[in-house]
Amino acid sequence: MSSRAWTCNAVRIIEADFNRSADTHLIPLPLPALPGVHVYLKDESSHPTGSLKHRLARSLFLYALANGWIREGTTVVEASSGSTAVSEAYFARLLGLPFVAVMPRATSPEKVAAIEFYGGRCHFVEGAAQIYPAAAQVAADRSGHYMDQFTYAERATDWRGNNNIAESVFAQMVLEPHPEPRAIVCAAGTGGTPATFSRYVRYRRHTTEVVVADPEDSVFFDYYASGDRALTCQRASRIEGIGRPQVEASFIRESIDAMVKVPDAAAIAAIHWLERVIGRRAGGSTGTILYGALPLLQRMVQAGEQGSVVLVMCDGGERYTHSYYDDAWLAANGLDPGVYPARIAAFLERGEAQDWAVRESRR
Ligand SMILES: *Cc1c(COP(=O)(O)O)cnc(C)c1O
């Protein structure tokens, strides 16, 4: 097959996969204690590979194919804390391409198993910061292609529409009492999702604000507040998928309306609360987002403001059975729930105002 014919077929395979797939659900979160405030979860766990990284992986493959960076037989390599690699392994298998994920040794065994399930190989390095040079090296050694999600996430996705996550949310909100969300709260790993939401709302002239919640071990919040690109952070984030040790190229600071820094123990308490209320388990980043939205929801209630807020449910809890849903793991990782479960329940179930003790920044 000629190189162009192979690429043409590869694009068709990815488009056909999309064509067979349904959109992800937008789930209302029942909050009778907060009258007039409507909260929705954009459930990205229902993608075939279980997280919002399914969208990113599809975009990155199409971008690399369109650029001629991936051809028949190209080994695809990625630096990933896990979820992106799971989704890319899925698309690599669809196209019959070898795939290598370079990731921190601490990545959950469930994610490693998922990558291997799709025929990918895992290459482990010690720290979160080592994945970048190691991935470039593995790609060079095999004459492969380093996808580099942290650089290309923001540009591989069509932010104007094309059923990106933002367009999907706005279409699903049309018949709701407040179709134009007051805010969309998400989190940053690559920064691709915040960039897509932020650009889309400006381009489509919505009033919606895009708020990004950041976990403890991450530079994004301080970079947002200070503009210092050289910031680094030594510890790997305990909230898988979000929080980075360095400022990533795909994180578009100027596009974000506000950020909130959320304690990791609060994020874990939030997903345990969520499980009680909707009967579903979410990953840690969803907890960071949910807790990060609480000060905003409280301000809406206090101001008597009616409206809707959309939270991204980035992935499900299946991959974290042995971490966020295991008391021994939480204790070993210093994630004592402390005051957080009582605080969350008091506000969300009884409407009692709380002191959230989070840092917020607005530009
Ligand atoms: C990647 C990721 C995010 C953040 O999304 P980005 O588009 O990379 O900023 C949030 N949660 C999980 C579980 C992720 O894997």
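Helices here are DSSP runs of H or I with at least four residues, strands are runs of E with at least two, and both are numbered from the N terminus. This is a predicted model, so local features need pLDDT of at least 70 and side-chain atom pairs count only at pLDDT 80 or more, while totals for chains, interfaces and linings use all residues. Residues are numbered from 1 along each chain as its sequence is written, and side-chain values use heavy atoms, leaving out hydrogens and water.

Back to α2 itself, residues 53-67. Its end C-alpha atoms sit 21 Å apart, which agrees with the 21 Å that 15 residues should span at 1.5 Å a residue (the expected span is 1.5 Å times one less than the number of residues). Eleven of the 15 residues are buried, so the helix is mostly covered; buried means under 20% relative accessible area, exposed over 50%, and partly exposed in between, using a 1.4 Å probe and protein chains only. Among the buried ones are K53, H54, R55 and F61.

K53 also turns up at the ligand. There, 17 residues surround the ligand, and K53, G189, T190, T193 and S285 are the closest; being near takes a heavy atom within 4 Å.

| Residue | Atom in the residue | Distance to a ligand oxygen |
|---|---|---|
| K53 | side-chain N or O | 2.7 Å |
| G189 | backbone N or O | 2.8 Å |
| T193 | polar side-chain atom | 2.5 Å |

Taken alone, the ligand exposes 380 Å², and the protein buries 98% of that (Shrake-Rupley areas, 1.4 Å probe).

On to the packing. The largest nonpolar core has 78 residues, of which F197, Y291, L297, L311 and L348 touch the most other members. Such a core is a set of buried Ala, Val, Leu, Ile, Met, Phe, Trp, Tyr and Cys residues joined through side-chain atoms within 4.5 Å. Helix α10 (residues 264-278) gives the most to this core, nine residues. Leaving aside neighbours within four places in sequence, F197 is in contact (heavy atoms within 4.5 Å) with I165, A166, V169, I184, C186, V210 and V312. Another core, of 31 residues, lies apart from it and includes A10, V76, A89 and A114.

Two non-glycine residues have positive phi as well. S143 has a phi near 50° and sits in the loop between α5 (131-141) and β6 (145-146). S143 is exposed, at 66% relative accessible area. D148, with phi near 60°, is in the loop between β6 and α6 (149-156), and D148 is buried at 15%.

Definitions and conventions. A polar contact is a pair of N or O atoms within 3.5 Å; within protein, one must be able to donate a hydrogen and the other to accept it, and residues adjacent in sequence count only if both atoms are side-chain atoms.
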